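This briefing sets out what can be read from a single protein model, grouped by topic. Please keep the structure in view while going through the points.

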Amino acid sequence: MFILELSYTAPLDRVDAVMKDHVAWLDAHYAAGVFIASGRKNPRDGGVILAVGDDRAAIERLAALDPFVVEGVCAYRITEFIATKTSDALAPYRQQL
């Protein structure tokens with residue numbers, strides 16, 4: 001599992017100009033089963049995406065295609081972790097050590 005932390009590198013008006021494309025990108029990866037949660041940080045200086053996958057390189061390639069990255073309005077910090085404990089709703093994503 002991965003935590004994708006977005007930090008805006010441009011003013012919010014530039015971020016908002018790309019938001020529609022970013023949301024379409026998010027929707028595609030929700031439909032593919034890669035993303036399971038996302039949202040804005042508070043204060044609004046970026047966002048967070050919770051993603052599932054076994055291949056960090058694939059997640060890094062996916063993040064590089066985010067319209068926010070393509071348009072130069074955010075940077076990603078990606079943290080991989082092993083989800084050994086989850087809520088019942090997230091049980092399909094539990095991992096063993």
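This is a predicted model: local features need pLDDT of at least 70, side-chain atom pairs count only at pLDDT 80 or more; totals for chains, interfaces and linings use all residues.

Once the neighbours within four places in sequence are set aside, H29 is in contact with V34, F35 and L62.

**Residues of helix α1**

- H29 lies in helix α1, and because its relative accessibility is 18%, below the 20% under which a residue is called buried, H29 counts as buried.
- M19 is likewise found in helix α1, and with a relative accessibility of 18% M19 also counts as buried.
- Apart from its neighbours within four places in sequence, M19 is in contact with Y8, R40, R44 and F68.
- The C-alpha atoms of M19 and T86 are separated by 30 Å, and these two residues are 67 residues apart along the chain.
- From C-alpha to C-alpha, D27 and E80 are 22 Å apart in space, while in sequence they are 53 residues apart.

**The largest pocket**

- The largest pocket holds about 160 Å³ of space, and its lining is made up of 14 residues, of which M19, H22, L26, G39 and R40 lie nearest the centre.
- M19 and R40, both named among the residues nearest the centre of the pocket, are also in contact with each other.
- At least two residues of the lining come from each of β1 (2-8), α1, β2 (35-40) and β3 (46-51).
- By residue class, the lining divides into eight nonpolar, five polar and one charged.

**A cis peptide bond**

- Most peptide bonds are trans.
- The peptide bond from N42 to P43, however, is cis, with omega near 10°.
- P43 is found in the loop between β2 and β3, and each of these two strands supplies at least two residues of the lining of the largest pocket.

**The chain as a whole**

- The protein chain contains three helices and four strands, which follow the pattern β-α-β-β-α-α-β when read along the sequence.
- The radius of gyration of the protein chain is 14 Å, close to the 13 Å given by the globule rule for 97 residues, so the chain is as compact as a globular protein of that length.
- Along its principal axes, the C-alpha trace of the protein chain spans about 40 × 25 × 20 Å.
- Of the 97 residues of the protein chain, 33% count as buried, and H29 and M19 are among the residues that do.
- When contacts between residues at least 6 apart in sequence are considered, 64% of those in the protein chain join residues at least 24 apart.
- The protein chain exposes about 5900 Å², of which carbon and sulfur atoms supply 55%.

Technical notes:
Residues are numbered from 1 along each chain as its sequence is written. Side-chain values use heavy atoms; hydrogens and water are left out. On a 1 Å grid over the protein atoms alone, a cavity is a set of points where a 1.4 Å probe fits but cannot get out, and a pocket is an open set with protein on both sides within 12 Å along at least five of seven lines; lining residues have an atom within 4 Å of a point. Grid points are joined across faces, edges and corners, and a volume is the space filled by probe spheres set on the points. Ala, Val, Leu, Ile, Met, Phe, Trp, Tyr, Cys and Pro count as nonpolar, Asp, Glu, Lys and Arg as charged, and the others, Gly among them, as polar. The radius of gyration is taken over C-alpha atoms; the globule rule is 2.2 Å times the number of residues to the power 0.38. Buried means under 20% relative accessible area, exposed over 50%, partly exposed in between (1.4 Å probe, protein chains only). Contact means heavy atoms within 4.5 Å. Accessible areas come from the Shrake-Rupley method with a 1.4 Å probe; for residues, only the protein chains shown count as cover.
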